[in-house]
Amino acid sequence: MSKKISIIKPDDWHLHLRDGDALNTTVAFSAKQFQRAIVMPNLAQAIVNTELALQYRQRIINARPEGNNFQPLMTIYLTDNTRVEDIRSACDNEFIFAAKLYPAGATTNSSNGVTDISQLSAVLEAMQAGKLPLLVHAEVTEQEVDIFDREEVFIDRYLNEIRQQFPELRIVLEHATTKQAIDFVEANDNTGATLTPQHLLYNRNDLLAGGIRPHNYCLPILKREEHRQALLKAATSGSPKFFLGTDSAPHAINAKEANCGCAGCFSAHAAIELYCEIFEQAGALNKFEAFSSFYGADFYGLERNTDVITLVKEEWSAPESYPFADQAIRPFRQDTPLQWKII
Ligand code: DOR
Ligand code: ZN
């Protein structure tokens, strides 16, 4: 008989669903395996306030498969123009769960992000008072900083200071990619991190050695093996500071295989299967459920889920592409058969 594992239904604490017709692809994939997801606000027209977040939430709900109860947990996008009133309104709204800090220019649709983090004090103060978690894309954007160092430099230059100034503010260092990020999270209270399948599975050789692989390009960029090892150790350590966040971020194939290709890996077609494989390979299947289904909810102060999903050890291959609005997306790690399947 094939090996099986049942876990409480997981949540995805970092997800890009996009908008418009793309929702007809993205929502169903996530809804199949996850009960809830923290939905990133970096649309072409950024979700900068409660009103936009509620409208976006409704579009996501409308795209849910019949009978599915997937819950999008909305976030707002911080800009140079975010006002304390915007934060208060988000804190008071039952559908808004966090605010996201994108340094301007750090990644996809971040041009409206924050240009001067030192100007954010009043906003962060209001978030701390209103218990709204701060989700951080922790990379500097200064051109002179090497792309492989941008996470570490962001922590040194900005995050340490924010952490000290607002000790009660809950901070999630999103998609952590370096051992410095892991050390920072471990050393500080009220601090957690999401870990993605791509950063747990791959190092920068998988992006660049023997040919460039645009579908493994994401931001923060894949790092050296020693960093991947640090992430893997954190994920499988049983520490409640580290939890599942896919950063599944679809871009049409022609936008990734391009002269200037977009950053992002679409992993939502098989996210929980990929994490299961990661934990199995690390000999840590006994830590898989808490990482996937408990620690994120605990960090956000939400109830844990009660439904159960079952995975069976069975090889299968994702198709070369899925339709995506009027284009197509290539699933992450399409060239390698998946080892687990949800039943
Ligand atoms: O690779 C990434 N893609 N990193 C991000 O931070 C954003 C995301 C996207 O929205 O495409
Ligand atoms: Zn992201």
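Biologist: Are α5 and α6 roughly parallel or roughly antiparallel to each other?

Modeller: First, this is a predicted model, in which local features need pLDDT of at least 70, side-chain atom pairs count only at pLDDT 80 or more, and totals for chains, interfaces and linings use all residues. Residues are numbered from 1 along each chain as its sequence is written, chains are lettered from A and ligands numbered from 1 in the order in which they are written, and side-chain values use heavy atoms, with hydrogens and water left out. The axes of α5 and α6 (lines fitted to C-alpha atoms, for helices over the stretch in contact, with angles from 0 to 180 degrees between N-to-C directions) cross at roughly 15° and come within 10 Å. Angles under 35 degrees count as roughly parallel, over 145 as roughly antiparallel, 65 to 115 as roughly perpendicular and the rest as oblique, therefore α5 and α6 are roughly parallel.

Biologist: Which residues of α6 make the contact with α5?

Modeller: Contact means heavy atoms within 4.5 Å. From α5 come Glu151, Glu152, Ile155, Leu159, Asn160 and Arg163. On the other helix, the residues are Gln180, Ala181 and Phe184 of α6.

Biologist: How many residues of the contact of α3 with α4 are nonpolar?

Modeller: The axes of α3 (residues 84-92) and α4 (residues 121-130) come within 9 Å and cross at roughly 20°. Val84, Ile87 and Cys91 in α3 meet Ala122, Val123, Ala126, Met127 and Gly130 in α4. Ala, Val, Leu, Ile, Met, Phe, Trp, Tyr, Cys and Pro count as nonpolar, Asp, Glu, Lys and Arg as charged, and the others, Gly among them, as polar. The contact has no charged residue, one polar and, as nonpolar, seven.

Biologist: What is the relative accessible area of Phe97?

Modeller: Phe97 is in strand β5 (residues 96-101). Leaving aside neighbours within four places in sequence, Phe97 is in contact with Ile38, Leu73, Met74, Leu132, Pro133, Tyr300 and Leu302. Phe97 is buried, with a relative accessible area of 18%.

Notes
Helix = DSSP H or I, 4+ residues; strand = E, 2+ residues; numbered from the N terminus. Buried < 20%, exposed > 50% of the residue type's maximum accessible area, 1.4 Å probe, protein only.
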